[in-house]
Amino acid sequence: YMGGFNSAAFLGEMAGYAGLDGSQARQADLYADSQQAAISQRTIKYVSGLAVVDVEKRLAPSKHYTYVINVAWSDGVTATIYRRYSTFYELHMQLMDEFPIESGMDGGSRTLPYLPGKKLFGRSHTYQVAKSRTKLLEEYLKAIIETDSRISRCATVLNFFVATALDTKPPTVDERLEQLGLGKKAAIKCIVIGDCEKAAEGQLTVRSGMVADALERHENGWWFLSVGGEEGWVPSTFLKLVLPPAQRNTDSAARPGPEAA
């Protein structure tokens, strides 16, 4: 017995169809398929919620921006994944191919959402473009997981949200700075994302919203800050890296296309 469906009774019922004619047999097959689909829909793990919370610049394997997505699964598991715009584009094109009716290509009423598109490309400040697209991409993904379960729980959609090795171990701050050509001892800007009171001599009290210079970053997770004429150590969990302005923008002559972000 599984999820309200009595498999033994169902098999016994199906055994009675052995002597049916072709039309009746086809009806029996359709009934069997519908029952199996009902079981699958009740037992499959699916995405129950998500939020696109940030965008980060990466230089490997090539220069691009990646979107930070918090994902909640139906079994209670949560994960953070990182997807570049080209991955959104690949997802969209696969869904268009797999669901031509829902995409409106076969004359049906379109139910697939539209992917925020190329009209935003080609501007000189690609970081701002990527950041402004965050909310639009969140709305796009939410529309997908809230649509018909044939789409929202298909393999193409679920595979998009499954955490990969790069998701579970994303580049560290120092690795990202190294990609940007900034050494470990280079002073960088950071913003305080939460209030933190110093608990010992040498530490620093900071408030959310402060912008500070990180003069040193220790491998134990503490950063040595200079802010408002004061210096001291602060846990990096209360800080967010601010990329230098020159690293936020790309060449205005960069070719538009899915890889731009």
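**View 1. Buried residues of helix α5 in the predicted model.** This close-up comes from a predicted model. In α5, the buried residues are T134, L137, E138, Y140, L141, I144 and I145. Seen down the helix axis, the buried residues of α5 fall within an arc of 160°, so they line one face of the helix. An α-helix has 3.6 residues a turn, so residues three or four places apart point the same way. The cover over the buried residues of α5 includes strands β1 (47-58) and β2. It also includes helices α3, α4 (126-132), α6 (149-152) and α7 (155-161). Helix α5 spans residues 134-145, 12 residues in total. From its first C-alpha to its last, α5 reaches 17 Å. That is close to the 16 Å expected at 1.5 Å a residue.

**View 2. The aromatic pair Y67 and F88.** The structure holds 4 aromatic pairs. One of them joins Y67 and F88 in an edge-to-face arrangement. Their ring centres lie 6.0 Å apart, with 85° between the planes. Y67 belongs to strand β2 (residues 64-73) and F88 to helix α3 (residues 85-98), so the pair ties together parts that are 21 residues apart in sequence. Y67 is buried at 0% relative accessibility. F88 is likewise buried, with a relative accessible area of 0%.

**View 3. The aromatic pair F224 and W233.** F224 and W233 form an edge-to-face pair. W233 is partly exposed, at 26% relative accessibility.

**View 4. An aromatic cluster.** Y67, F88, F160 and F161 form one aromatic cluster.

**View 5. Arginine charges over tyrosine rings.** Two sites are shown here. The charged end of R133 sits over the ring of Y85, 4.7 Å from the ring centre. At the other site, R153 places its charged end over the ring of Y46. Here the distance to the ring centre is 3.7 Å.

View 6. A disulfide is a covalent bond between the sulfur atoms of two cysteines. With a cut-off of 2.5 Å between cysteine sulfur atoms, the count comes to 0 disulfides. C154 is buried, with a relative accessible area of 10%. C190 is buried at 0% relative accessibility.

How values were computed. Residues numbered from 1 in each chain as written. Predicted model: local features only at pLDDT ≥ 70, side-chain atom pairs only at ≥ 80, totals over all residues. Heavy atoms only, no water. Buried < 20%, exposed > 50% of the residue type's maximum accessible area, 1.4 Å probe, protein only. Phe/Tyr/Trp six-rings, centres within 6.5 Å; stacked < 30°, edge-to-face > 60°. Helix = DSSP H or I, 4+ residues; strand = E, 2+ residues; numbered from the N terminus. Lys NZ or Arg CZ within 6 Å of the ring centre and 35° of its normal. Expected span 1.5 Å × (residues − 1). Arc of directions from axis to C-beta. Contact = heavy atoms within 4.5 Å.
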